[in-house]
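Work through the exercises below with the sequence and the 3D view open. Try each task before reading its solution.

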Amino acid sequence: MRKGFKRMAPAVSMLLIAALAGCSGSNSNPSAVGTDSSTPFRIKMMSQFETAEPPTADNPIVKYIEQQTNTKLDITWVLNSNYTDKLNVSMASGDLPQAMLVVNPQDTVIVSAAQSGFFWDVEPYLKDYPNLSKLDKDTLNNTRINGKIYGLYRGRYPERIVMYYRKDWLDKAGVKEQPKTVDDYYNLLKAFTLNDPDGNGKKDTWGITENKDLGTYTFPLLFGAPYGWGYINNQMVPDFMSKEYVDYLKFMKKLYDEKILNQDFATVPGAKVSEDWTNGKIGIRGNIVEAYRGETFVGLGKTLPGADVHFIPALVSTTGQKRVAKGSGFLGMYMFPKSSVKTEVDLKKILSFFDKMADDKLVKTVLLGIDGVHYKDENGVQKILDDTKYNKEVVPIQHLAMRSVLINNGTPLAKEATDALAEIKQYGVADASYGLILSDDSKKKLSTNKKIIDDAKIKFIMGVIDEAGWGKELEKWKQSGGADVIKEYTELYNKYKK
C-alpha cells in the first residue's frame with residue numbers, strides 16, 4: 001500500500017476537497033435519512049469476510065441487526081485476502097462507504113488522508129454514547145493518528161497470547177506438572193523431544209518447532225526484554241538492542257545445540273508450526289486464547305486419539321515476574337470519510353448504530369447468532385443448534401463484531417480460557433511504540449534493515465557469530481538508519497506519551 005501512495009495522492013486530495021465542501025452543508029441525501037424516527041437510517045459499509053462465500057443479501061443476522069438498530073445496511077463484503085487492494089481502489093476512485101473498515105490505520109495513505117482532514121475526528125462525540133464512552137482508553141490511545149481518534153476500533157483482548165500444551169504428552173514423558181518457570185519450560189521441551197511422548201518408539205517429536213522469523217512465541221519477554229519497543233533510560237529501544245535479548249538468544253542457542261530445537265528452523269515457513277501441531281509432532285504451540293474452540297485445540301483428540309490439550313497461561317520470567325505480550329487491543333477500525341458522511345447529524349446517527357453494535361447483546365449475536373435459532377444458552381453454556389446453519393449464516397458475518405468475547409461451549413478448556421484471560425491481564429507488557437506513527441522514511445529504514453537483525457539472530461543461534469559479532473550487527477543496524485528510527489520514535493514518545 002505504501003508503494004502506491006504517490007500514485008493515489010491526487011485522488012486523496014480530490015476526495016478531501018469534496019469532503020471539506022460537504023462537511024459543513026446540510027444533508028445532501030435526504031433519502032438516506034428517514035423523515036421520522038421510525039424510518040430506518042441507511043448506512044453504506046465495507047467490511048470483510050473469510051468464508052468460502054460472502055454473506056447472502058438476506059442474511060438473518062444482518063436483518064436482525066437492522067431490526068435492533070433501526071437501520072438499513074448496505075454492506076460491501078470483501079474477501080479478507082483482497083481487502084487492502086479493494087480499499088486502495090475505493091480510496092483512489094472516491095467511491096467510499098460511510099463506514100469503512102480499515103485494517104491497518106497506520107498505512108501511509110490512511111495517515112495522510114486523516115492528517116489532511118479526510119476523516120471525521122470522533123473523539124469529541126464518544127462521551128455522548130453509553131457504550132462508546134466506555135471504550136478502553138489505552139486501546140483508544142493506540143489508534144491515535146497525531147493525537148486524534150479517527151474511528152472506532154474492533155476490540156481484541158490486549159493480553160491474549162498463551163501456550164497450548166499436550167497434557168497427555170506431559171504424562172507420558174514423565175513430567176509431574178505443567179511448567180511454571182523458564183527452567184521448568186526448558187525441562188519440558190527436553191522431555192518432549194527425547195522421551196518419546198507419542199509412544200511410537202521413534203525420535204520424531206519436539207517440544208516446539210520454530211520458523212525462520214522466530215516469531216512463533218514471545219520468548220524474549222521471559223528474559224526481561226521489552227515487547228517490540230520499550231522506553232528505557234529516556235530513549236525508545238527495540239527489544240533486540242536490550243541486554244536481556246542476548247539472554248533469550250543464548251537460551252535459543254542452547255536449545256539448538258542440544259537438538260531440542262528443530263535444526264531446520266532457519267529455512268522452514270511459518271505454516272510448519274501449525275502443521276506440526278496438527279500432525280502430532282510438537283507438544284507446545286503458541287496462539288490466542290480465543291483459538292481454543294478450534295478443532296486443532298479443543299477437538300485435537302478427534303484426529304489424534306488421546307490428545308489432551310490445556311493452557312500454559314504465563315511463565316515466571318528470569319526476572320522473577322510473569323510477563324506476557326500486551327497487544328494493541330484492536331484489529332482494524334471503522335473510519336468515516338467526510339465525503340460520504342456529509343453532516344454531523346449523519347455522523348451521530350452512524351455512531352449511534354456502532355454504539356448499539358458495541359452492546360453485549362449484539363456482540364453476542366454477531367458471534368453466535370440468534371438465541372433459539374442458531375444457539376441455545378443453557379446455564380451459561382452456549383450450544384450451537386445446527387452446525388451447518390451456524391457456518392452458513394453466522395460465521396461469514398463475524399468480522400462485524402466490535403470486540404471479542406469468549407464463547408463457553410461447555411468444555412473444560414472453555415473454563416481454562418476464562419481463567420487464563422483473568423490471569424494474564426495482570427502481566428501484560430505493551431509495545432511502547434503503539435500509537436506512534438513514523439515518517440515514511442523511517443518506515444522504509446525499518447523495513448530495509450529488518451534483514452540485518454533477522455539474519456543475525458539466526459547466525460547467533462546457530463553459532464556462526466558470538467556476542468561480539470552480535471554487537472557488530474547491532475551497530476550495522478544503527479548505522480544503516482536504525483539510529484534515525486530510534487531518534488524519531490523517542491521524539492514521538494516524548495510528544496504524545498510522556
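The model is predicted, so local features need pLDDT of at least 70 and side-chain atom pairs count only at pLDDT 80 or more, while totals for chains, interfaces and linings use all residues. Residues are numbered from 1 along each chain as its sequence is written, and side-chain values use heavy atoms, with hydrogens and water left out.

**Exercise 1. The whole chain**

Task: Find how many helices and strands the chain has, and compare its radius of gyration with that of a compact globule.

Solution: 
Step 1. The chain has 17 helices and 14 strands. Helices (H or I, at least four residues) and strands (E, at least two) are DSSP runs, numbered from the N terminus.
Step 2. Taken along the principal axes, the box filled by the C-alpha atoms is roughly 75 × 60 × 35 Å.
Step 3. A compact globule of 498 residues would have a radius of gyration near 23 Å, and the 25 Å of the chain agrees with this. The radius is taken over C-alpha atoms, and the globule rule is 2.2 Å times the number of residues to the power 0.38.

**Exercise 2. The sheet of 5 strands**

Task: Give the strand order of the open sheet of 5 strands, then name its edge strands.

Solution: 
Step 1. The order is β2-β1-β3-β11-β4, with mixed pairing. Two strands pair if DSSP finds at least two bridges between them.
Step 2. β2 (71-79) and β4 (151-155) are the edge strands, each pairing on one side only.
Step 3. From one strand to the next, the twist averages 25 degrees.
Step 4. At one end of the order, β4 and β11 pair in the antiparallel sense over 4 bridges. Gly155 has Phe330 of β11 as its bridge partner.
Step 5. Helix α12 (residues 344-357) lies across β1 (41-49), β2, β3 (99-102), β4 and β11, at about 55 degrees to β1. Contact means heavy atoms within 4.5 Å. Axes are lines fitted to C-alpha atoms, for helices over the stretch in contact, and angles run from 0 to 180 degrees between N-to-C directions.

**Exercise 3. The sheet of 3 strands**

Task: Work out the order of the open sheet of 3 strands and which helix lies across β5 and β8.

Solution: 
Step 1. The order is β8-β5-β9, and the pairing is antiparallel.
Step 2. β8 and β9 (309-312) each have a single partner strand, so one side of each has no neighbour in the sheet.
Step 3. Neighbouring strands here are turned by 35 degrees against each other on average, direction ignored.
Step 4. β5 and β8 are joined by 5 bridges, and Ile161 has Ile288 of β8 as its bridge partner.
Step 5. Helix α8 (residues 182-194) lies across β5 and β8, at about 120 degrees to β8. Helix α10 (residues 271-278) packs on the sheet and touches β5, β8 and β9, its direction making about 115 degrees with that of β8.

**Exercise 4. The largest pocket**

Task: Find which helix supplies the largest share of the lining of the largest pocket.

Solution: 
Step 1. The largest pocket has a volume of about 1600 Å³. Among its 48 lining residues, Gly228, Trp229, Asp431, Ser433 and Lys450 are the closest to its centre.
Step 2. The largest share, 7 residues, comes from α16.

Conventions. 1 Å grid on protein atoms, 1.4 Å probe; cavity = no way out; pocket = protein on both sides within 12 Å on 5 of 7 lines; lining within 4 Å. Points joined across faces, edges and corners; volume = space filled by probe spheres on them.
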